[in-house]
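Here is a short briefing on a predicted model. Please look over the sequence and the structure first, then read the points by topic.

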Amino acid sequence: MLRDITIGQFFPGDSIIHRLDPRFKIIITIIYIVMLFIGRSFWCLLVGAVFTVMAILLSKIPFKMFLKSVKPLLPFLLITALLNLFLVDSGETLFQWRFLKITEGGLNISVFMMVRIVMLIMGSSLLTYTTSPITLTDAIERLLSPLKKLRFPVHELAMMMSIALRFIPTLIEETDKIMSAQKARGAEIDTGSFMNRARNMIAILIPLFISSFRRADELATAMECRCYNGGEGRTRLRQMHSAARDYIALAVTLLFLAAAIVISILTK
Amino acid sequence: MPILETKGLTYTYSPGTPFEKTAVDHVDLSISEGELIGVMGHTGSGKSTLIQHFNGLLRPTSGQILLEGKDIWEDKTKIRDVRFKVGLVFQYPEYQIFEETVYKDIAFGPKNMGLDENEIKRRVLETASDIGLREELLERSPFELSGGQKRRVAIAGVMAMEPKVLILDEPTAGLDPAGRDKILSHIKAYHERTKNTILIVSHSMEDIAGFADRILVMNHARLFCCDEVKRVFGRAEELTEIGLDVPQITKVFMRLRQKGIDFGKEVYTVGYAKELLLRELRERGRL
């Protein structure tokens, strides 16, 4: 159950998408999101869809993993779709039963929003699937570094982010272990009455909190032992270099964006 | 009738994904009541996955686990009862402690069994003394205790359910020699008093050789062997090949045999080695 969580999961590989400069990948993802939200017609979405499929094929990551990334957000998707379906009132009425009414406009918007959100999730999953969390936060740090002039703690923010990302799988594993241990002592977690289950959550949360604090403490000590004192004057093991392929990828993305803009103006 | 039996037990992690991995592969086992079994295997050999099947935490992909001759998955709703009959102590069990007092934490399992206060009290006091926790510790917070004491509290928490089969996953990992000996001797005493079946997973051959009846060895998801101690350590070369080790004293006697001094017996405890050497020396009239 807990193993299904794929947020922040990284699939090592050597595809062209993996090799792109992470800074460019973040910018491209932002442009991609703009591309998805710029138009109001299905033609615009088609441009986005072509882009998504192309990127997914280039990444050589099985399509199944992208479906898996959508799965946890399915309830949210369904609620959005249902709300749009029943609440938008425009165009021809297709179906009516007492106060429930489905109109053509509602159906359109409902499908449109679904597709848009699914593509949004898939696109951002592609970013995390092909970029290791560490390089990702490195790239964010570099992209935000102009804010340092405004005394914004960019490095500290990036460090906190990478630590948080780093510990997601660890905490999942830890939770799994503690759950098993308490189940072995007869705690009802998946079964039993609601009150029992709620009470047994305490048996999981307290050990989890304690071990998180312990881990944080150990990590702080380990960092201090290695003379960590913030980002000032710190050099990097991996330098980021942009190559021709990064600029080409950016250019292609901008082309798609331009196409989306043109189509959205034409279909207005 | 064996108390615990597996038939063609197979378990695959994340089937159908790129991470698919068979952790336990067609394991057939039979464990009799009252046995003390050592479980060995290199890291990732599937021993932890295997023992999590015995109390129904994992459900086999295929195959069966029989507890007292009955398939534990026959009735899914009764799986909790299986967990009370087969107690499992995880690695570093002190990390699962959560109650305010030692007493309450040990009582967590028995309470889940729905026992009455008197019975719970009897069990907590009994297991605390079994595992060597002084009574005045019972009202203390478990988080104030030393590492070894915490470990013993956690083990007591499972023992207090009075399971017919007690499984301990590396109960001595990360403890100093004194703490290790203490836990092992308490487990041994518990075994002698209750005559319950015990399985101990351990990396330390010295720990296991001393008091196990049989040794179960896992290798690459398969059962390598499950046999008497002397027979297992008799296959020292094979054990070394699969990344395991034999007790140091066994190695000494193997070297002696290579040098032509053969005692004709497998030696795996220091005490027995001493006895054997003294007898030999007496026979030769050098003592």
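B:H26 sits in strand 2 (residues 21-31) of chain B. Phi of B:H26 is positive, near 45°, and the residue is not a glycine. Most residues other than glycine have a negative phi.

**Other positive phi values**

- A:R151 is not a glycine, yet its phi is positive, about 60°.
- A:R151 belongs to the loop between helix 7 (133-144) and helix 8 of chain A.
- A:R151 is exposed, with 7 other C-beta atoms within 10 Å.
- B:G114 follows helix 3 of chain B and has a positive phi, near 80°.

**Helix 6 of chain A**

- Helix 6 of chain A runs over residues 104-130.
- Helix 6 of chain A counts 27 residues and spans 39 Å from its first C-alpha to its last. That is close to the 39 Å expected at 1.5 Å a residue.
- Its buried residues are A:G106, A:I109, A:S110, A:M119, A:M122, A:G123, A:S125, A:L126, A:Y129 and A:T130.
- What do the buried residues of helix 6 of chain A pack against? Their partners are helix 1 (16-19), helix 2, helix 3 (42-59), helix 4 (63-70), helix 5 (74-87) and strand 2 (100-103) of chain A.

**Helix 2 of chain A against helix 6**

- Two packed helices are described by the angle between their axes and the distance between the axes.
- The axes of helix 2 (residues 22-38) of chain A and helix 6 of chain A come within 10 Å and cross at roughly 175°.
- Helix 2 of chain A and helix 6 of chain A are therefore roughly antiparallel, as angles over 145 degrees count as such.
- Helix 2 of chain A brings A:K25, A:T29, A:Y32, A:I33 and A:L36 to this contact.
- Helix 6 of chain A brings A:R116, A:M119, A:L120, A:G123, A:S124 and A:L127.
- By class, the contact of helix 2 of chain A with helix 6 of chain A has six nonpolar, three polar and two charged residues.

**Helix 2 of chain A against helix 3**

- The axes of helix 2 of chain A and helix 3 of chain A lie 8 Å apart, at an angle of about 150°.
- Helix 2 of chain A and helix 3 of chain A are therefore also roughly antiparallel to each other.
- From helix 2 of chain A, the contact uses A:Y32, A:M35, A:L36 and A:I38. From helix 3 of chain A, it uses A:C44, A:V47, A:G48 and A:F51.
- The residues of the contact of helix 2 of chain A with helix 3 of chain A are seven nonpolar, one polar and no charged.

**Pairs apart in sequence in chain A**

- A:F66 is in helix 4 of chain A.
- Is A:F66 buried or exposed? A:F66 is buried, with 20 other C-beta atoms within 10 Å.
- Neighbours within four places in sequence aside, A:F66 contacts A:I56, A:M122 and A:S125.
- A:F66 and A:V118 are 52 residues apart along the chain, and their C-alpha atoms are 9.5 Å apart.
- A:P12 lies in the segment before helix 1 of chain A.
- A:P12 counts as exposed, with 8 C-beta neighbours inside 10 Å.
- A:P12 and A:T131 are 119 residues apart in sequence, but 8.0 Å apart in space, C-alpha to C-alpha.

**Where chain A touches chain B**

- The contact takes 16 residues from chain A and 21 residues from chain B.
- On the side of chain A, helix 8 (154-184) and helix 9 (194-225) each give two or more residues.
- Helix 8 of chain A gives the most, with seven residues.
- The side of chain A that touches chain B has eight nonpolar, four polar and four charged residues.

- Helix 3 (residues 102-112) of chain B is mostly covered, with nine of its eleven residues buried.
- These are B:V102, B:Y103, B:D105, B:I106, B:A107, B:F108, B:G109, B:P110 and B:N112.
- The cover over the buried residues of helix 3 of chain B includes helix 4 (117-130) and helix 5 (147-159) of chain B.
- The domain assignment of chain B gives domain 1 (35-56 + 77-229) and domain 2 (247-287).
- The C-alpha centres of domain 1 and domain 2 of chain B are 34 Å apart.

Technical notes: Residues numbered from 1 in each chain as written. Chains lettered and ligands numbered in written order. Predicted model: local features only at pLDDT ≥ 70, side-chain atom pairs only at ≥ 80, totals over all residues. Axes fitted to C-alpha atoms, helices over the stretch in contact; angles between N-to-C directions. Helix = DSSP H or I, 4+ residues; strand = E, 2+ residues; numbered from the N terminus. Parallel < 35°, antiparallel > 145°, perpendicular 65-115°, else oblique. Contact = placed C-beta atoms within 7 Å. Nonpolar A, V, L, I, M, F, W, Y, C, P; charged D, E, K, R; others polar. Buried ≥ 20, exposed ≤ 12 C-beta atoms within 10 Å, placed from the backbone. Domains from an automatic or database assignment. Expected span 1.5 Å × (residues − 1).
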